Amino acid sequence: MKSTASSVLWPLIVGAAIVLTGAPAVPASAAAAAPPTVTTPTGIFPSQTYQGVSNTGVNDFLGIHFAAAPVGSLRFAAPAAPAAVSGTIDATSFGSPCPQSASPFGTASTNEDCLFLNVYVPGNSISSRNKLPVMVFFFGGDFVDGGGSLYDPTNMAIQGNAIVVTINYRLGILGYMASAALSSQASTGVSGNYGFLDQLFALQWVKQNIGAFGGNPDNVTIFGESAGGFSVCAAIASPKGAGLFQRAITESGPCAEPLPTLATAQASGASIVSALGCAESSDAATVACLRNLPVSAILTEQASITSAANLTSLTAFFTNVDGVFIPQEPVLALALGQFNHVPVIEGTNHDEGRLFVAVGFDLNPAVGTITAAEYPTAIQSVASALVTAEAGLLTTSGSASLAIGGSTSSSSSSGNSQEENQIAQEILHEYPLANFTGPGEALGAVLTDGLFSCIANVTNEVLSLSVPTFTYEFNDENAPTPELPPVSFPYGATHTDELPFLFTLPETPSTLSNAEQTLATQMKSYWTRFAQDGNPNSSQTPAWAPFLVATGNVQSLNTPRPGVEFNYAAQHHCNFWIGILEQTILASVAATLTSDGIVE
């Protein structure tokens with residue numbers, strides 16, 4: 001890794017900010033009880049009998065295959081139903097995570113037989129007559145790390161009397177690499193998005209089978225954090241998601257964040273294919289080579305990509321706008337009304353960007369704590385990346401599709417360089433060091449506001465015009481982060497900090513204060529009550545009104561009790577950022593909406 005702050009800032013911080021991870025968890029300890037069994041109906045998926053495990057207040061069915069092992073012809077292909085298994089299937093332990101390298105955010109694995117889900121059923125008895133609300137969770141992890149087994153939703157399931165399902169999906173190269181060869185050999189004519197197709201396939205499994213567990217297949221809420229949040233947005237924007245869910249919750253994954261185009265993803269994929277030694281003379285031969293590679297070779301190449309110092313490498317593993325499964329940018333789909341109209345909870349954390357400053361500077365031995373002298377250079381890198389992204393927004397057809405791509409090198413054209421300098425000076429003027437305790441906190445505010453809060457505000461405004469939209473900001477500045485070493489500034493309410501308030505995680509099972517335990521109970525009530533009928537309100541929690549553009553009301557999730565705030569946009573400098581974003585990464589969206597007469 002290079003030693004200059006500017007060379008690592010954007011790929012380590014901003015690229016990671018687009019998608020990062022949640023934290024691991026473990027299932028509740030088993031209590032002595034008669035093993036629960038469930039037999040599912042026949043349909044797309046074969047009828048099977050599963051034996052789970054009874055825990056206190058919940059029955060767990062773990063490691064259920066929802067898709068065949070994606071190997072051979074199913075590698076780099078849509079998922080397929082698993083083969084029928086005779087007899088009763090043991091569903092008392094988790095299945096393997098999908099292939100990934102060792103990290104703090106997931107378990108190392110080379111096992112492609114990984115498409116499992118876990119079902120947590122509250123109560124002591126299981127009956128198809130129960131018709132409980134169902135919640136399906138998509139984990140975060142930069143689309144390269146994580147697994148459904150790392151999040152224990154037992155308390156959420158019990159408190160909210162809702163069935164919670166956690167799933168695995170393919171990651172990294174195996175889950176999200178696109179290439180021209182793969183597209184040419186696919187019946188759909190597109191490639192990548194295999195992990196996203198796994199998520200949709202898991203929802204199909206839920207649609208067919210959750211009734212046997214006592215769930216209501218017509219009352220499903222999808223929710224996810226960071227990468228999982230962006231996956232929720234993709235499902236909202238995808239026609240293929242129609243009818244598979246009735247509500248959606250996205251945490252730290254605002255739907256107005258632009259996605260790479262298929263063309264951009266294929267360009268990144270071409271380099272990967274070549275590096276893997278599979279650039280054959282024909283597309284068929286290239287695909288055959290890719291499908292025969294050992295997983296270890298794929299993970300080695302993947303590791304080299306995720307550590308590379310350019311933004312394109314970090315978005316190589318990301319859902320792409322392929323024109324089929326994701327027809328257009330999610331923000332355009334929302335603005336044009338061409339999406340799955342379901343109630344939505346959408347939110348971010350108050351200090352999202354501070355985690356990425358910590359990762360990119362303080363916790364990076366090649367860089368170290370950012371200094372006041374380095375702050376302008378860091379801001380210049382932010383401006384450069386925004387302008388570089390703008391340069392690749394339009395596809396060759398001239399349609400308005402956004403792509404996050406390019407590099408943060410200094411090889412800008414003179415026109416771009418002038419624009420970069422102007423934007424950098426505007427940001428420095430808006431965020432002077434004198435207004436902060438130090439440069440780390442200042443840079444964290446820039447990343448929070450520009451890449452999360454104000455993009456979320458755009459999402460809120462657009463969504464609320466069509467569907468009930470409940471917006472939040474997680475504001476517990478003292479949220480525990482025992483897994484993170486101290487840095488030169490407070491973490492505040494940073495990225496992933498809301499997760500221990502919803503799930504049991506090994507780092508924070510007992511570190512919440514009494515007031516935070518109360519907040520956690522209220523948050524689980526909001527989430528599960530919303531899953532019942534699209535309204536998070538109950539007599540047990542402070543009132544949460546739907547978002548209105550006129551008032552800009554956002555529910556502040558904080559101790560001692562949640563309450564409404566009306567200064568979210570002002571506090572995060574959104575009038576300033578909307579001008580910057582409309583010049584850069586949202587330029588094509590703004591142009592399309594203007595040309596269509598939707599905005600002036």
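Predicted model: local features only at pLDDT ≥ 70, side-chain atom pairs only at ≥ 80, totals over all residues.
Colleague: Thanks. In what order do the strands of the open sheet run?
Modeller: The order is β1-β2-β5, so 3 strands in an open sheet, with mixed pairing.
Colleague: And which strands stand at the edges?
Modeller: β1 (37–39) and β5 (88–90). Each has a single partner strand, so one side of each is left without a neighbour in the sheet. From one strand to the next, the twist averages 25°.
Colleague: Are β2 and β5 parallel or antiparallel?
Modeller: Parallel, over 3 bridges, with β2 covering residues 49–51. Within that pair, Gln51 stands opposite Asp90 of β5.
Colleague: Switching to helices: which residues of α8 are buried?
Modeller: In α8 (residues 283–292) they are Thr286, Val287, Cys289 and Leu290.
Colleague: Why are they on the same side of α8?
Modeller: Because they cover an arc of only 160° around the axis. In general, an α-helix has 3.6 residues a turn, so residues three or four places apart point the same way.
Colleague: What covers them?
Modeller: The cover includes α4 (180–185) and α7 (262–275).
Colleague: Last one: is Gln555 buried or exposed?
Modeller: Buried, because its relative accessible area is 2%, where buried means under 20%. Gln555 belongs to strand β13 (residues 554–557).
Colleague: What is Gln555 in contact with, leaving aside neighbours within four places in sequence?
Modeller: Its contacts include Tyr472, Tyr526, Trp544 and Val564, and also Pro542 and Pro562.

Methods: Residues numbered from 1 in each chain as written. Heavy atoms only, no water. Helix = DSSP H or I, 4+ residues; strand = E, 2+ residues; numbered from the N terminus. Buried < 20%, exposed > 50% of the residue type's maximum accessible area, 1.4 Å probe, protein only. Contact = heavy atoms within 4.5 Å. Pairing = 2+ DSSP bridges. Axes fitted to C-alpha atoms, helices over the stretch in contact; angles between N-to-C directions. Arc of directions from axis to C-beta.
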